[in-house]
Amino acid sequence: MFVKVCGLSTPESVREAVDAGADAVGFVLTASPRVVSPSQAASLLAAVPADVSPIGVFRDEPVADAIAIARAAGLHWIQLHGTRSRGDVATVHDAGMKLVRAITMGAAQDEFEDWGEDLLLIDAAVPGSGESWDYASVAALPVLQGRHWVLAGGLDAANVGAAAAAAHAWGVDVSSGVEASRGVKDPAKIRAFVHAAKAAATV
């Protein structure tokens with residue numbers, strides 16, 4: 001099971017995620033309680049080993065701006081939320097970067113198709129709410145069969161195994177589910193989540 005821990009903002013939380021076995025860590029470079037500056041993200045990279053993917057997360061920024069900010073932070077992965085196009089995917093790849101394209105369960109049907117992104121992330125219809133949702137509804141989408149995609153939204157150590165199994169997810173992403181308070185990561189929750197996710201069967 002691929003595991004990404006997102007919204008990290010301190011060297012301690014990055015090390016905790018890495019030591020627990022996370023495959024990717026996310027740095028929020030857009031307006032958020034978890035936002036870090038490009039220079040902060042660059043300093044956090046020191047705690048990320050080569051076999052873990054550091055990802056810069058953006059919401060509605062134009063793709064060119066996201067690329068420039070990610071480059072300033074020393075990142076080679078970008079996660080794009082908001083309204084995007086197939087051209088945006090090509091632009092990220094033309095810049096020599098990899099892309100996580102993030103959509104919500106309420107997105108238009110064609111957005112679930114393979115646009116050439118490196119990973120597709122599927123979030124709740126209302127992302128950022130931290131509330132669980134009907135994870136099994138994703139499994140009913142034949143367009144996802146055989147693809148690498150990541151489940152997000154309302155996940156924590158207690159429900160990640162069942163949610164991933166219900167959705168037939170290849171990977172999972174967590175942020176608020178490993179926090180002591182909004183924007184403040186809890187080391188014990190990070191460890192518990194990663195261990196629970198890794199214990200879940202990968203489809």
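Biologist: Why is Lys4 called buried in this model?

Modeller: The model is a predicted one. In it, the relative accessible area of Lys4 is 2%. The word buried applies to values under 20%, and 2% falls under that limit, so Lys4 counts as buried.

Biologist: What makes the contact between Asp173 and Lys4 a salt bridge?

Modeller: The N to O distance between the two side chains is 2.5 Å. The rule asks for a nitrogen of Lys or Arg within 4 Å of a carboxyl oxygen of Asp or Glu. By the same rule, the count comes to nine salt bridges.

Biologist: How do you know that Glu179 and Arg34 form a salt bridge?

Modeller: Their side chains meet at 2.6 Å, N to O, and the limit is 4 Å; the pair therefore qualifies. The partners come from distant parts of the chain, 145 residues apart: Glu179 is in strand E9 (residues 179-181), while Arg34 is in the loop between strand E2 (24-28) and helix H2 (38-44). Glu179, at 7% relative accessibility, is buried, and Arg34, at 11%, is buried too. Through salt bridges that share partners, Arg34, Glu179 and Lys185 are joined into one network.

Biologist: Why is Arg15 called partly exposed?

Modeller: The relative accessibility of Arg15 is 41%. Partly exposed covers the range between buried, under 20%, and exposed, over 50%, so a value of 41% places Arg15 in that class. Arg15 also forms a salt bridge with Glu12, the closest N and O atoms being 3.8 Å apart. Both residues lie in helix H1 (residues 11-20), three residues apart, or about one turn of the helix. An α-helix has 3.6 residues a turn, so residues three or four places apart point the same way.

Biologist: Which residues of H1 are buried, and what do the buried residues pack against?

Modeller: Ser13, Val14, Glu16, Ala17, Val18 and Ala20 are buried in H1. The buried residues of this helix pack against E1, E2, H2, strand E10 (184-185) and helix H7 (187-199). Just after H1 comes Gly21, with a positive phi of about 110°.

Biologist: Which residues have the most contacts inside the largest nonpolar core?

Modeller: They are Phe27, Leu151 and Val172, in a core of 60 residues. Helix H3 (residues 63-73) gives the most to this core, with five residues. Apart from this core lies another of 10 residues, among them Ile55, Val100, Leu119 and Val150. Beyond its neighbours within four places in sequence, Phe27 is in contact with residues including Leu8, Val14, Val36, Ala41 and Leu75.

Biologist: How do you know whether Asp65 is buried, partly exposed or exposed?

Modeller: Asp65, in helix H3, has a relative accessible area of 41%. This value lies between 20% and 50%, so Asp65 is partly exposed.

Biologist: What lines the second largest pocket?

Modeller: It is lined by 14 residues, and Leu144, Gly146, Arg147, Trp149 and His168 lie nearest its centre. By class, the lining has nine nonpolar, four polar and one charged residues. The volume of the second largest pocket is about 150 Å³.

Definitions and conventions: Residues numbered from 1 in each chain as written. Predicted model: local features only at pLDDT ≥ 70, side-chain atom pairs only at ≥ 80, totals over all residues. Heavy atoms only, no water. Buried < 20%, exposed > 50% of the residue type's maximum accessible area, 1.4 Å probe, protein only. Helix = DSSP H or I, 4+ residues; strand = E, 2+ residues; numbered from the N terminus. Contact = heavy atoms within 4.5 Å. 1 Å grid on protein atoms, 1.4 Å probe; cavity = no way out; pocket = protein on both sides within 12 Å on 5 of 7 lines; lining within 4 Å. Points joined across faces, edges and corners; volume = space filled by probe spheres on them. Nonpolar A, V, L, I, M, F, W, Y, C, P; charged D, E, K, R; others polar. Core = buried A, V, L, I, M, F, W, Y, C linked by side-chain atoms within 4.5 Å.
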